[in-house]
Amino acid sequence: MEGAPPFWERTGARTITFDVPRTTLRGPGVHVTAWGAHAPLHARASEPRGLLREIDARFGIHPGFENDHACGWHDARRLDRTVDALVVGAHRRAEIVVDLMDRFSDWEFVLCTMSEAHSASEFLWHAMVPDHPLASYDPGAWSQLERVFQGIDDSVGHIIDHAPDDATVVVFALDGMRSGHGDLPSIV
């Protein structure tokens with residue numbers, strides 16, 4: 001049984017979707033899944049076919065893709081490597097979206113997920129919550145989380161700078177952020 005169509009398919013708008021978890025290649029437009037999304041729940045693919053291979057060749061695969069769970073929140077070197085990968089991934093993501101907006105210039109709607117926020121928060125959010133059992137243990141988690149969010153902010157700004165002047169831009173967090181009961185313990 002197939003699920004409900006994504007909202008952009010129902011509108012008929014010429015759409016660019018990039019790396020949105022839990023989506024498929026449905027609807028009119030250009031779609032790329034699992035380039036670097038955290039838990040994409042769909043195979044790496046694109047519409048048009050071959051576009052993902054072109055993106056990988058030109059921009060590279062997200063350096064944190066399928067590797068953001070390898071971080072050790074307690075190991076500063078591993079934390080640095082993972083945060084570096086997330087920041088680079090966010091910047092590449094913006095470059096790719098800008099390229100897609102230029103290449104497929106008849107778009108009416110663009111949807112891009114910045115999954116780096118989720119990935120970083122899984123192993124760094126404890127630094128933000130004073131009553132978290134690991135709040136006092138911080139091998140740089142606070143500053144590392146800031147680095148990731150600054151990278152995301154810069155990347156969103158880059159996309160907005162390249163959008164048409166009359167574009168409406170919406171930036172949102174699906175759930176917001178909060179402490180999870182399983183993220184850090186499952187990484188231990």
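Helices (DSSP runs of H or I, at least four residues) and strands (DSSP runs of E, at least two) are numbered here from the N terminus. This is a predicted model, in which local features need pLDDT of at least 70, side-chain atom pairs count only at pLDDT 80 or more, and totals for chains, interfaces and linings use all residues. Residues are numbered from 1 along each chain as its sequence is written, and side-chain values use heavy atoms, with hydrogens and water left out.

Start with the whole chain, coloured by secondary structure. The protein has six helices and four strands, in the order α-β-β-β-α-α-β-α-α-α along the sequence.

Next, select Asp19, in the loop between strand S1 (15-18) and strand S2 (29-33). Asp19 is buried, with a relative accessible area of 0%. Show its polar contacts (pairs of N or O atoms within 3.5 Å, one able to donate a hydrogen and the other to accept it; residues adjacent in sequence count only if both atoms are side-chain atoms). The Asp19 side chain reaches the backbone nitrogen of Ala37 at 2.8 Å and the side chain of Arg93 at 2.6 Å. Beyond its neighbours within four places in sequence, the residues in contact with Asp19 (heavy atoms within 4.5 Å) include Val32, Trp35 and Thr113.

Then select helix H3 (residues 76-103) and helix H5 (residues 141-161). Their axes (lines fitted to C-alpha atoms over the stretch in contact) come within 9 Å and cross at roughly 5°, the angle running from 0 to 180 degrees between N-to-C directions. H3 and H5 are therefore roughly parallel (under 35 degrees).

Note on methods
Angles under 35 degrees count as roughly parallel, over 145 as roughly antiparallel, 65 to 115 as roughly perpendicular and the rest as oblique. Buried means under 20% relative accessible area, exposed over 50%, partly exposed in between (1.4 Å probe, protein chains only).
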